[in-house]
Amino acid sequence: MADTRPVFLDYSQEQIDKAYDQSFWAPQMAELEAQDGTNSAAVRNSMPPRTQRYGANEADLIDIFMPAGAKNAPVMVFIHGGAWTRNTRQDASYPAPTFVGRGAAWLAPDFGSLKTLRLPDMVENCRIALEWTVRNAASFGGDPERVFLSAHSSGAHLAACVLITDWTKRGLPKDAIKGAMLMSGMYDLYPVLISSRRAFLHITPEEEAEFSPMRHLSQVSCPIAVLSADQDSPEFKRQSQVFADALAGMGRLATREVVFDANHFQEPERLAEPGSVVSKTAFSLMGI
């Protein structure tokens with residue numbers, strides 16, 4: 001008989017495991033992620049990106065999609081999801097036409113995975129990618145004063161860690177990132193580590209605290225739009241709402257949106273549609 005005793009809030013162990021297993025809520029997960037790769041390949045073929053190295057390692061690459069002849073264009077950097085273990089920058093090209101068509105740059109970095117790196121290294125790579133973007137925006141026609149961040153799922157966790165960075169220690173303005181749109185992320189790692197994800201997310205208690213953005217909200221210096229999907233798992237809905245409520249209480253919530261008729265993986269795909277709630281939220285944040 002299954003043990004139904006609560007291990008977190010009202011969740012039994014079986015329930016918390018399911019709440020962090022997206023394949024349970026979206027059985028077509030593999031097909032949807034594969035479609036992102038196919039759509040991204042088509043975009044890369046029709047409008048090849050400029051690929052730059054942003055860090056010290058050969059794998060530290062970032063794709064840049066720009067409007068032709070752009071100068072001082074607003075910049076959106078996207079951190080892809082995939083449970084910290086799947087996908088690459090090449091799977092995150094499909095939204096580029098939406099933003100380039102609006103006169104903005106779309107950037108997507110690689111930052112490694114838990115297959116080869118530890119979580120703190122992945123966070124640092126994302127921070128370096130954003131720092132590089134701010135410092136080098138003018139070199140590719142972007143506006144260093146209008147750099148924004150968006151992300152999905154585990155990428156939204158990494159992006160939230162980027163948003164609690166003390167940029168002044170890196171020689172950048174405190175508000176180096178002007179706004180962010182986070183979709184269905186994890187903002188406190190405590191319940192994540194109780195779930196089945198503990199099988200591949202290996203961090204110390206100190207790292208759990210350091211990389212739980214909910215515990216460092218005083219470091220947030222820009223407006224954040226928080227999104228989730230109506231068919232998301234219970235924990236991704238709860239984490240998004242708790243995070244949004246905390247941001248609202250400190251005047252940092254740009255908007256809280258629920259994406260309807262979408263599961264966890266269909267939510268970011270709406271970025272391929274300029275008229276979607278997701279795209280319009282990004283445009284509003286960027287002022288475009």
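Tutor: S184 is buried, as its relative accessible area is 0%, where buried means under 20%, exposed over 50% and partly exposed in between, with a 1.4 Å probe and protein chains only. This is a predicted model, in which local features need pLDDT of at least 70, side-chain atom pairs count only at pLDDT 80 or more, and totals for chains, interfaces and linings use all residues. Residues are numbered from 1 along each chain as its sequence is written, and side-chain values use heavy atoms, with hydrogens and water left out.

Student: Where is S184 found, and what is its phi?

Tutor: S184 lies in the loop between β8 (179-183) and α7 (189-194), these elements being DSSP runs numbered from the N terminus (helices H or I, at least four residues; strands E, at least two). Although S184 is not a glycine, its phi is positive, at about 50 degrees.

Student: Is N72 buried or partly exposed?

Tutor: N72 sits in the loop between β4 (61-65) and β5 (73-79), and its phi is positive, near 55 degrees, in a residue other than glycine. Because its relative accessibility is 48%, N72 counts as partly exposed.

Student: At what angle do α5 and α6 pack?

Tutor: Two packed helices are described by the angle between their axes and the distance between the axes. Axes are lines fitted to C-alpha atoms, for helices over the stretch in contact, and angles run from 0 to 180 degrees between N-to-C directions. For helix α5 (residues 119-136) and helix α6 (residues 154-163), the axes are 9 Å apart and the angle is about 65 degrees.
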